[in-house]
Amino acid sequence: MSDELAGKVAIITGAGNGIGQATAEVFVAEGAKVVIADLDDEAGAKVAAALGEAAHFVRTDVCDADSVSALVDATIAHFGKLDCMVNNAGISGSYRRLMKDDLRDFDRVIKVDLLGVILGTQAAARVMSPGGSIINTTSIAGISPGVGFTSYRAAKAGVIHFSRCAAIELAELGLRVNVIAPGNIATQINAQFDTASVVAQIQPLQRLGSPQDLANAAVYLASDRAAQVTGVVLPVDGGTTAGHPPLKPETVMREKKPAGS
Ligand SMILES: NC(=O)c1ccc[n+]([C@@H]2O[C@H](COP(=O)([O-])OP(=O)(O)OC[C@H]3O[C@@H](n4cnc5c(N)ncnc54)[C@H](O)[C@@H]3O)[C@@H](O)[C@H]2O)c1
């Protein structure tokens with residue numbers, strides 16, 4: 001580690017588990033102080049305790065404006081300033097096909113995955129000084145059209161459009177807004193799926209991604225090395241959004257080779 005974030009203070013929402021937890025750990029390893037913001041008291045407090053004085057837990061519901069505002073106030077009270085806001089908290093929702101989806105999860109998914117990002121961006125921008133960095137989490141599901149996850153895809157596509165608008169609006173304050181798009185990472189959000197099997201089918205780079213891969217991308221966008229970077233969407237997906245891996249010849253060739261040749 002090389003102290004890429006020395007002296008910086010960051011809030012990471014959804015840092016009680018998965019990608020947010022890894023981001024908090026890597027940020028601290030890079031010299032930052034972090035506020036762990038999560039609805040899950042137990043998990044959030046545990047992550048903060050393991051990181052010692054460099055971390056502080058604040059129970060937060062990202063879709064509640066008062067809760068997000070209190071989070072930012074608590075960060076200023078505890079660490080004195082805010083340099084980076086990582087709006088990472090998210091939930092998944094139904095993966096049923098469109099015609100079978102009752103959309104019962106729509107309000108909750110849109111509130112956590114999209115409104116939560118908007119509220120976090122607003123509240124952070126109100127207190128940040130020039131040079132501040134806001135990092136919003138979308139998904140490859142918000143970039144590439146696909147089947148199922150209707151509410152989730154809509155929310156995550158919204159995160160991208162909102163963030164690019166915010167990048168323009170907040171540039172006059174000297175703030176940067178960028179987006180990270182994770183590919184398939186084995187965390188509790190997609191526990192019902194065999195991530196390795198999905199990766200084998202749709203990801204050109206067959207290496208299995210980890211929460212730390214996302215954390216490393218966030219370090220770059222939070223750091224002054226990205227001072228000229230705003231309004232971008234960075235997929236961390238082993239090439240999934242670039243295109244599918246080569247098809248197996250035996251599945252696409254019209255002429256089959258005679259047996260034994
Ligand atoms: N894991 C993947 O494959 C993948 C792929 C694409 C995008 N993402 C996105 O990455 C982000 C992190 O996901 P993850 O894989 O680490 O999932 P995770 O379930 O491991 O972690 C999500 C965290 O968000 C917290 N959270 C949920 N609702 C909240 C709320 N209202 N307020 C505050 N905290 C709340 C949860 O308690 C949890 O700690 C999410 O936005 C997710 O959509 C993940």
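Residues are numbered from 1 along each chain as its sequence is written. In this predicted model local features need pLDDT of at least 70, side-chain atom pairs count only at pLDDT 80 or more, and totals for chains, interfaces and linings use all residues, while side-chain values use heavy atoms, with hydrogens and water left out.

**Stop 1: the ligand**

Next, colour by element: helices (H or I, at least four residues) and strands (E, at least two) are DSSP runs, numbered from the N terminus.

An N or O atom in the side chain of Asp38 is 2.6 Å from an oxygen atom of the ligand. Taken alone the ligand exposes 830 Å², of which the protein buries 94% (Shrake-Rupley method, 1.4 Å probe).

**Stop 2: the largest cavity**

The whole structure holds three cavities of 30 Å³ or more. On a 1 Å grid over the protein atoms alone, a cavity is a set of points where a 1.4 Å probe fits but cannot get out, a pocket is an open set with protein on both sides within 12 Å along at least five of seven lines, and lining residues have an atom within 4 Å of a point. Grid points are joined across faces, edges and corners, and a volume is the space filled by probe spheres set on the points.

The largest cavity has a volume of about 70 Å³. Select Ile19, Thr23, Val86, Thr137 and Ile180, the closest to its centre of the 13 lining residues. Two or more lining residues come from each of helix H1 (18-29), strand E5 (133-137), strand E6 (176-182) and helix H7 (211-222). The lining divides into nine nonpolar, four polar and no charged residues.

**Stop 3**

Asn136 is in strand E5. Is Asn136 buried or exposed? Asn136 is buried, with a relative accessible area of 0% (buried means under 20%, exposed over 50%, partly exposed in between; 1.4 Å probe, protein chains only). Its side chain makes a polar contact of 3.0 Å with that of Ser163 (a pair of N or O atoms within 3.5 Å; within protein, one must be able to donate a hydrogen and the other to accept it, and residues adjacent in sequence count only if both atoms are side-chain atoms).

Move to Asn178 in strand E6. Asn178 counts as buried because its relative accessibility is 0%.

**Stop 4**

About 160 Å³ of space lies in the second largest pocket. Select its lining: Thr121, Gln122, Ala125, Arg126, Phe162, Cys165, Ala166, Glu169 and Leu170. H4 and H5 each give two or more of these residues, and H5 gives the most, with five.

**Stop 3: Leu103**

Finish at Leu103, in the loop between strand E4 (84-87) and H4. Leu103 has a positive phi of about 60° although it is not a glycine.

Terms used
Ala, Val, Leu, Ile, Met, Phe, Trp, Tyr, Cys and Pro count as nonpolar, Asp, Glu, Lys and Arg as charged, and the others, Gly among them, as polar.
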